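User: I am new to this structure and would like to learn how to read a few of its features. Please show me the model and then take the features one at a time.

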Amino acid sequence: MRDAQPNAIYLKDYLPPSYLIDETRLEFQLGEEETLVDARLKLRRNPDAAPGGVLELDGAELELLEIEIDGEAMADDAYTLTDEKLHLLAPPEQFELRCVTRIAPQDNTSLEGLYKSRTMFCTQCEAEGFRKITYYLDRPDVMSVFTVRVEADAQRYPVLLSNGNLVESGVNGTRHWTLWNDPFPKPSYLFALVAGELERVSDSFVTTSGREVALHIFVEAKDLDKCDHAMHSLKQSMRWDEEVFGREYDLDVFNIVAVDDFNMGAMENKSLNIFNTSCVLAHPDTTTDQAFQRVEAVVAHEYFHNWSGNRVTCRDWFQLSLKEGFTVFRDAEFSADMGSRAVKRVEDATVLRSIQFAEDAGPMAHPVRPDSYIEISNFYTVTIYEKGAEVVRMIHTLLGPEDFRRGSDLYFERHDGQAVTCEDFVAAMEAASGRDLTQFRRWYSQAGTPELTVSDDWDAEQELYTLTVSQHCPATPGQADKAPFHIPLEMGLLGDAGSLRLQLQGEAADAETEDNTTRVLELTEETQRFTFTGLPERPVPSLLRGFSAPVKLAYPYTREQLAFIMSRDSDGFSRWDASQQLAIQVITESQSGSVDPLLIDAFRDLLADDSLDPAMVAETLRMPGENYLADLAEVVDVEAIHQGRQRVRTEIGSQLGELLEARYHTLASTSEYRPDSAQVAARSLRNTCLAYLAQAGEHGVALAMAQYREASNMTDRQAALTTVVNCGSDAQRQELLADFYQAYQHESLVVNQWFQVQALCPQPDNLERVQALMTHPAFSLRNPNKVRSLVGAFCSANPINFHRGDGAGYALLVDVVTELNAANPQIAARLLTPLTRWRRYGERSDQMQRALEAIKALPELSKDVYEVVSKSLAD
């Protein structure tokens, strides 16, 4: 634990490291009671740093047993030691430092550094976990060549892994050892070690240049049958990165290890990726379609980091989005190529709107490149990752695919083996394209979600149509005033016959353009006007096509215009967005009245059109979530939002019941399960229909009960279970929940699904159900997956029960955060997000504020939790 009022770290204070580490040699003696780490570092003074001074090394929760410089023991007065630092008072210009430390991985509940996950040793060093292993310059701009020797009991830990290529191995009595070398310099956060009783699934991949790469996925023996999808995804990722970005893999081996206790989704350690089991294991009997897709995306993301993160890394943690935003963009493009581009865009926009926009509007708002932080773990956020990816996507949109590819090639060529900044990335894009991105850089430095207000005018006589677009970005903590952003606004115009040709006034017509029915308007001023010529009818504008920028857009659409866009627009995202806007209007109105038949009719047309992509139909039929609806309200009325949304869903299920059931039966499949795009789309729409039918009454619940019993895959079984839990009687819920647990109690990831289904149930007794489940033998606060599945899901995604009027939901969260504050501060801090928005919850605000104050008053508050709580309570 740390001081209750820790200091912030600022980007403006960055200084280069005083020393560099050319070589790092580590020797681990892994034991059950203690682990000894013998570290030898070859250091030299950094020529770019100020001369002289004390060398400060990072270290936490370490017992220093020996310390030497160039083979000689250091005198006691030559160094000082604190809880988090080792200071060498007068180090030579160049020397070898040897430190022997004792650590206790078995007691490390923070899951940072070296720790034990059940019977396995493993590491998580990003962002600052390596300092829990040995004393080091634990910062990303210090890159070193690592050689690692791992020794452990041969029977308990037959598999010993680290980064790079295996150089040598041997036996030492009852113990054995392996020696690994990674020839590519890397920062300490990319170090990895695994030791355990593991089996492996193996394959190989031949790169474009002819290198044969051995591929291994290490898992517990019981999970060997769940690796095929991850291996297939890995090979697809490797080929795609060669073809689309020209990036080949650079070592002889690529290892993945599945770990059950893991704070993150996965970690891109050079050649030894460590994965949360939920992001690598997949089998039709235990894994849903959504989870299959997540495995594919996460495997790709971590592999792509080999270049965008490992070969070129970030100079400091303020540049985190340099590697994460770019890599999320790359994995999103990969997923779009593997499946439906339109559906992927809808999924991405949903995350931005429902989570990231709320973050931008809250006390933890920060730019894509933050100015400061107290605990860097709090900045592994949707702003850094998903909004960062949208910033890269906007560069891609402005430059076009060819110049963007030239820019990425130049970036990798210029900076291979370096630790660089977001500025270096943008500069490479400028150099390759000739575009001036000076104003665009504001996306990296300004926080908040820009808001676009659009109005229009049509001159029938002159056949002119004018769009007026104004931009504004609300104040965020520390940034009251924002300069205009450079925003790409993709748009089209719709007429009775469909998309209209676009000709801007004052521009020469381009006869060579095959499709001039869509274009990108570049917004750079507070207000701009764009006039289109040759339009004999007043068009309906199709704005923000493809979600071309992470902005909010306001245009006074009528409901008839929204329905028109849903049926006529050529852009899939725009059709979906129109359905969301129409649904929001209808839900808001239904809180005090009836359901507008225009929405029912629009959904009827969607269901009746067999030519449409079932996956897009499913996305379009889904109502906006309650959290997103809450973010649109000035003062959140939890009950009104929930009841209005439920009323609309019930009305849709009732009025379209016959059509919904017909599509439900038509989409049934007897084919062998495959997680391909066609089957996934069909199951998605079928289960969406089922949910509406059950919302309407007992017949739909009966269909769900039957589907549960007959399901041949986890997607259909879990969808049926969820439907019955949400809509069925108490007896029906208990019957299926008991059966599900009995069938899958030995599958940890499926038990997590069982927890989550119950955590998300909207029934009024749900909070007591969650409290009871926290005492269930399968639940453990030490396992992040369990905490996220039950407590995290309940608090963040079940607002009607979390915000219960008596404040019991807040009390539950306070209790959990209090316990996790000491054991796992990262997870504790992340759970707090729902409370950070306390000012917008009307009569509940006082209760939420008191919950935050109770946490702030804890006697030993971690930096992670302190930062979130203090910023949330700040005036």
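This is a predicted model: local features need pLDDT of at least 70, side-chain atom pairs count only at pLDDT 80 or more; totals for chains, interfaces and linings use all residues.

User: Is Pro187 buried or exposed?

Analyst: Buried means under 20% relative accessible area, exposed over 50%, and partly exposed in between (1.4 Å probe, protein chains only). Pro187 has a relative accessible area of 0%, so it is buried. Pro187 lies in the loop between strand 15 (175–186) and strand 16 (193–196); helices (H or I, at least four residues) and strands (E, at least two) are DSSP runs, numbered from the N terminus.

User: Which residues does Pro187 touch?

Analyst: Contact means heavy atoms within 4.5 Å. Leaving aside residues up to four places away in sequence, Pro187 touches Arg139, Pro140, Val142, Met143 and Thr313.

User: How do the axes of helix 4 and helix 10 cross?

Analyst: Axes are lines fitted to C-alpha atoms, for helices over the stretch in contact, and angles run from 0 to 180 degrees between N-to-C directions. The axes of helix 4 (residues 341–360) and helix 10 (residues 572–590) come within 9 Å and cross at roughly 45°. Helix 4 is therefore oblique to helix 10; angles under 35 degrees count as roughly parallel, over 145 as roughly antiparallel, 65 to 115 as roughly perpendicular and the rest as oblique.

User: Which residues meet there?

Analyst: From helix 4, Ala342, Val346, Ala349, Thr350 and Arg353 meet Gly572, Phe573, Trp576 and Asp577 of helix 10.

User: What counts as a salt bridge?

Analyst: Side chains of opposite charge can pair when their charged atoms come close. A salt bridge is a side-chain nitrogen of Lys or Arg within 4 Å of a carboxyl oxygen of Asp or Glu. By this rule the count is 72 salt bridges. One of them joins Lys226 to Asp223, with the closest N and O atoms 3.1 Å apart; both residues are buried.

User: Where do Arg840 and Asp631 sit?

Analyst: Arg840 forms a salt bridge with Asp631, and their closest N and O atoms are 3.9 Å apart. The pair links distant parts of the chain, 209 residues apart: Arg840 is in the loop between helix 25 (825–831) and helix 26 (845–856), and Asp631 is in helix 13 (residues 626–632). Arg840 is partly exposed, at 23% relative accessible area.

Technical notes. Residues are numbered from 1 along each chain as its sequence is written. Side-chain values use heavy atoms; hydrogens and water are left out.
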